[in-house]
Amino acid sequence: MAETTHAHAEHDDHDHKPHGWRRWVFATNHKDIGTMYLVFSCIMFFTGGLFAMTIRAELFKPGLQIVDAGVFNSLTTMHGLVMIFGAIMPAWVGLANWMIPIQIGAPDMALPRLNNLSFWILPFAFVLLLSSWLVPGSAPAGGWTMYPPLTLQLGASFPMLIFAIHMMGISSILGAINVVVTIMNLRAPGMTLMRMPLFVWTWLITAFLLIAVMPVLAGAVTMMLTDHFFGTSFFNAAGGGDPVMFQHIFWFFGHPEVYIMILPGFGVISEIIPAFSRKPLFGYEAMVYATASIAFLSFIVWAHHMFTVGLPLSALLFFMFATMLIAVPTGVKVFNWTATMWRGSLSFEPPMLFSLAFLFLFTIGGFSGLMLALVPADFQYQDTYFVVAHFHYVLVSGSAFAIMAAVYYWLPKWVGRMYDMRLATWHFWLSAIFFNVLFFPQHFLGLAGMPRRIPDYAVQFADWNMVSSIGGFVFGLSQLLFPYIIWKCVRSGKRVEGTRAWEGARGLEWELPSPAPYHSWTTPPTEAMIARGAEH
Amino acid sequence: MASNAHAPDSQHYYVPHGSPWPIVAAIALFTLMWGAVAYLDNWGGAWVFLPGPLLLLFMFGGWFHTVIGENQLGIYNTQVDRSFRMGMLWFIFSEVMFFGAFFGALFYARVLAVPWLGGAGARGLTNLILWPKYEAAWPTNGPGHVGGDSFQAMSAYGIAAINTLILLTSGLTVTIAHHALRAGNRGRLKLFLALTFVLGFCFVALQGHEYYDAYTKLNLRLTTGIYGSTFFMLTGFHGLHVTIGAIMLLVVWLRVLRGHFTPRQHFAFEAVSWYWHFVDVVWLGLFVFVYWL
């Protein structure tokens with residue numbers, strides 16, 4: 001019987017690697033699709049980065065020098081949309097594609113063709129979104145949050161924005177369904193839920209959030225569409241609707257969305273810190289429960305984004321306290337990462353450096369978030385640069401640094417070669433230092449009252465804006481090192497010997513040869529392999 | 001022994017070979033969206049919208065043809081079957097959340113927005129300054145009487161009640177069909193599955209009639225303020241789902257006629273019947289909150 005199966009497998013279509021364009025366009029291999037996601041994310045990261053550089057150039061000094069106010073508004077809007085939906089989310093899905101099957105001992109994702117579709121929708125969605133720069137009235141300019149009535153007043157770009165969001169949503173939902181099904185159905189025998197690596201756990205919870213909230217966003221933008229073109233009154237007070245209602249529906253999506261972008265990062269950090277501390281993760285189970293608690297809380301805190309729109313007092317109080325509760329499970333995580341390093345045998349390779357920067361800087365973002373959660377304080381901070389500083393601390397030094405940590409951690413496994421560690425260390429220090437030069441002064445600007453989303457500002461804000469812009473240019477330029485380091489590694493990196501690229505690394509991915517074979521775990525891993533990976 | 005090579009077992013993982021259909025689907029979706037943009041932005045006549053749906057239909061036909069063919073060859077093992085089931089359940093969950101957004105809008109409008117416009121709570125000033133004569137009530141088309149001065153709300157006791165009966169009955173018939181399939185009673189399966197999709201299409205036809213009445217007799221339109229918006233968007237999206245569900249039931253019925261499905265393996269049948277129950281449950285929500293209360 002076993003022989004029959006084996007013979008069958010050998011002449012199956014999928015056992016040889018397809019060549020040429022078909023390999024990518026018709027791809028069903030999780031590694032190929034993961035690679036495409038990551039390359040796409042990288043392109044979008046630099047596209048969104050270009051918008052950011054233009055924004056910082058305009059804000060280098062007071063007055064209007066480079067772009068007019070309308071283009072500036074388009075730049076901030078498109079920067080947000082491209083970075084969130086084009087850079088960060090696809091990067092996480094790419095990492096999920098690459099790592100989840102090999103971390104749970106599965107041969108591939110559960111629904112490989114759906115996986116292909118999830119990816120290929122994305123480039124088309126961004127062609128649609130980015131080509132809005134060319135239509136009359138230029139790109140969307142009402143902010144990435146798309147609040148009515150402002151966004152309803154967009155020109156020809158309005159339906160492009162709505163339908164691009166629909167496409168990104170479909171892609172995310174299908175991708176998330178695939179992740180959940182893969183984890184629930186394709187775990188190798190012996191890989192119980194509580195033995196799964198934390199990256200898998202955090203992605204399982206993230207995928208649940210995605211399936212729950214992306215359709216809500218689709219509903220919100222559909223109401224926008226019908227309000228604009230078909231005369232409905234969802235967000236029109238004269239007809240009995242309410243523009244604030246959009247904000248409620250949007251942030252019911254939007255708040256879980258920010259956890260969608262950070263939870264897989266928590267997973268990555270929970271893999272890397274133990275590996276470079278040469279100790280098992282402290283409090284594995286607590287980490288799982290903390291992640292689940294954060295996901296649950298993310299559904300009941302949305303109105304903290306709208307404290308100043310005139311909510312009833314009872315709502316202000318509820319959302320303030322619910323928001324502050326999130327600090328508890330997040331604190332558990334930060335404590336556990338710190339405790340993991342306690343008396344560990346630490347070394348500071350690039351993945352660990354990025355993880356440590358994550359730990360410090362994400363925590364700063366968490367604290368400024370706690371400040372923003374206080375209703376009376378938020379009345380002052382709302383729509384200032386303090387908010388901009390806050391969410392860049394959690395999204396750039398949080399999500400983006402975690403993505404870079406993940407790439408530096410797993411790249412040797414993907415390509416079987418080691419990257420230039422010295423150059424990557426340079427990349428780290430330039431990023432970590434100039435990230436702070438870029439965003440830390442924005443706290444001061446915000447507290448001093450500089451509003452966000454403006455192309456020109458009072459002269460009193462000039463000095464810190466110039467500092468911030470300089471930080472921005474150096475941070476932006478130093479990111480060019482990242483694709484260069486990867487390209488150099490793929491082309492001519494030193495070959496990695498054996499299965500483990502890092503001596504402290506644990507998990508099923510490190511039981512596979514480097515580079516990981518095109519089809520891995522076509523026969524399930526042994527109990528011993530699983531047990532080695534699940535020492536906690 | 002040939003079937004043994006494909007036997008459902010946990011020793012052999014099944015990974016499908018590459019397929020052109022996903023990329024066709026992505027292109028179809030892109031064409032559909034571009035068509036909608038071009039149509040709404042007035043870049044061409046109504047025909048610009050046409051290629052998208054056609055391409056989408058072609059894709060669905062082709063993709064399902066491939067998958068049904070592979071399924072009939074028996075190359076999907078029980079693990080693949082389980083993946084399909086889970087995928088369908090999570091897809092339905094995402095659909096529930098989509099409807100949730102519109103139900104949320106309905107509840108928000110009825111419980112908060114409209115009373116506030118009428119001066120409730122701390123919102124007295126809005127009413128006093130902007131619309132001093134407006135008294136909050138439901139149904140409403142708002143203080144601005146958007147969509148006309150007077151309109152009538154849709155009654156729960158006309159077509160809506162009949163449609164509730166139809167849909168609940170169809171939930172029963174699809175379950176009877178399912179039991180018949182598992183018992184190997186193909187005759188009863190064919191009959192009750194046919195009844196199910198006929199009931200489904202009846203529902204859609206009656207809803208069309210209801211819409212016609214709303215537009216011609218009740219002066220109730222999509223543009224009739226928040227009541228018209230929530231009424232037509234909720235019932236419209238639901239009706240669209242009933243239509244899709246009924247078409248899927250029809251396809252499954254045609255497959256039954258061709259002898260597809262066994263008492264043990266019939267994923268497509270189960271997926272469609274889950275979908276049908278989901279549509280049923282959403283309708284109960286609609287009946288209670290849109291028509292009745």
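A:A405 touches A:V268, A:I269, A:I272, A:P351, A:F354, A:S355 and A:F358, not counting residues up to four places away in sequence. Here two residues are in contact if their C-beta atoms, placed from the backbone, lie within 7 Å. The structure is a predicted model, in which local features need pLDDT of at least 70, side-chain atom pairs count only at pLDDT 80 or more, and totals for chains, interfaces and linings use all residues. Residues are numbered from 1 along each chain as its sequence is written, while chains are lettered from A and ligands numbered from 1 in the order in which they are written.

A:A405 belongs to the largest nonpolar core, which has 263 residues. Within this core, A:A220 and A:A405 touch the most other members. A nonpolar core is a set of buried Ala, Val, Leu, Ile, Met, Phe, Trp, Tyr and Cys residues joined through C-beta atoms within 7 Å. Helix α14 (residues 385-415) of chain A gives the largest share of the core, 23 residues. A residue is buried if 20 or more other C-beta atoms lie within 10 Å of its own, exposed if 12 or fewer, and partly exposed in between. In soluble globular proteins, nonpolar side chains tend to be buried together.

Chain A contains 18 helices and two strands. Helices (H or I, at least four residues) and strands (E, at least two) are DSSP runs, numbered from the N terminus. Of the 536 residues of chain A, 59% count as buried. The C-alpha atoms of chain A fill a box of roughly 75 × 50 × 45 Å along the principal axes. Among contacts in chain A between residues at least 6 apart in sequence, 83% join residues at least 24 apart.

A:C42 lies in helix α3 (residues 30-58) of chain A. A:C42 counts as buried because it has 20 C-beta neighbours inside 10 Å. The C-alpha atoms of A:C42 and A:A141 are separated by 24 Å, and these residues are 99 apart along the chain.

Some backbone details fall in loops. A cis peptide bond joins A:P148 and A:P149, with omega about 0°. A:P149 sits in the loop between α5 (112-130) and α6 (157-185) of chain A. The loop between α5 and α6 of chain A also holds A:S138. Phi of A:S138 is positive, near 60°, and the residue is not a glycine. A:S138 is partly exposed because 19 other C-beta atoms lie within 10 Å.

The contact between the chains takes 61 residues from chain B and 65 residues from chain A. On the side of chain B that touches chain A, α1 (2-5), α2 (21-40), α4 (78-117) and α8 (225-257) each give two or more residues. The largest share, 22 residues, comes from α4(B). This side of chain B divides into 38 nonpolar, 20 polar and three charged residues. Ala, Val, Leu, Ile, Met, Phe, Trp, Tyr, Cys and Pro count as nonpolar, Asp, Glu, Lys and Arg as charged, and the others, Gly among them, as polar. The predictor gives the complex an ipTM of 0.94 and a pTM of 0.94.
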